[in-house]
Amino acid sequence: DVALRCKQKNKELFFTLPPLHRIEQQKLWNDTKELLYEIEFTGFSVKILDQIQMIQEDSAFSTKEIALEPNVYIMNEEAKELFNQLAIRHFTASHELNGDELKELPLHQFDLIVYGYVPVMVSAQCVNKTCHGCDKIEKTLVLVDRYHKKFTVKNFCEGCYNVIYNSQPTNLYEYIPNLKDLNPRGLRLDFSVENDDITPIINAFASFIKNDVKTNFKLDDFTRGHYKRGIE
């Protein structure tokens, strides 16, 4: 299984919790944690504050590492210290911080996402149910806006919610040297709704990050996110 393979390869394994917590998610947690008691894994990837207390109050998980996702905002040193007091020392930099703002925030406890389709919305209003009727089959749908941009939608039936992803992936490949100079905890690639082979993306980023070897890798359609813009 995945946990065993990660252990054999000396890799960390984090269990990612849903981006919201309602009755459905609490039931899912109750059903899943019995299995997690038996699995050797590194920790939890958390997207909302409610989940921190839920994990830390369970004696079986109280020593597990908690990694905060970018939507748990850590925008300054004071916020970071507050979470440090809760024994949380693994963060992910917000997508809304630009390059100058990242420089002001010591990043040795932060991962930086350098590639990935950013979730722009989590919705309890199921697109599939609204358009076609609920069939309780997880699938990928597409929303098209007035500019003809296509936003991928994934429905998660077990928790009864949708995640809508940006129409373009964030791609900071060209800024890898600048980002490494910030001494982050790590540089991270997020894969979610890709339809094509992701191997070339992994190889290009790994070569540039680990060996400082830049290839001719390029994407035809992408965004640099807020890296050059910042919060508006």
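This is a predicted model: local features need pLDDT of at least 70, side-chain atom pairs count only at pLDDT 80 or more; totals for chains, interfaces and linings use all residues.

Visitor: Fine. How many disulfides does the structure hold?

Guide: It holds 0 disulfides.

Visitor: What about C134, and which cysteine sulfur is nearest?

Guide: C134 is in no disulfide. The nearest cysteine sulfur belongs to C157 and is 6.3 Å away, whereas a disulfide needs the two sulfur atoms within 2.5 Å.

Visitor: Is C134 buried, exposed or partly exposed?

Guide: C134 counts as partly exposed, because its relative accessibility is 49% and exposed starts over 50%.

Visitor: And C6, buried or exposed?

Guide: C6 has a relative accessible area of 17%. The limit for buried is under 20%, so C6 is buried.

Visitor: Strands now. How do strand 7 and strand 8 pair?

Guide: Strand 7 covers residues 140–144 and strand 8 covers residues 150–156; the two are antiparallel, with 5 bridges. One of the bridge pairs puts T140 with K154 of strand 8.

Visitor: What sits between those two strands?

Guide: They form a hairpin with 5 residues between them. In the turn, H148 has a positive phi of about 65°.

Visitor: Which way does strand 9 run against strand 8?

Guide: Antiparallel: strand 9, residues 161–165, is joined to strand 8 by 4 bridges. F156 is opposite Y161 of strand 9.

Visitor: How many residues are between the strands in that hairpin?

Guide: The hairpin of strand 8 and strand 9 has 4 residues between the strands. C160 takes a positive phi there, near 60°.

How values were computed. Residues are numbered from 1 along each chain as its sequence is written. Side-chain values use heavy atoms; hydrogens and water are left out. Buried means under 20% relative accessible area, exposed over 50%, partly exposed in between (1.4 Å probe, protein chains only). Two strands pair if DSSP finds at least two bridges between them.
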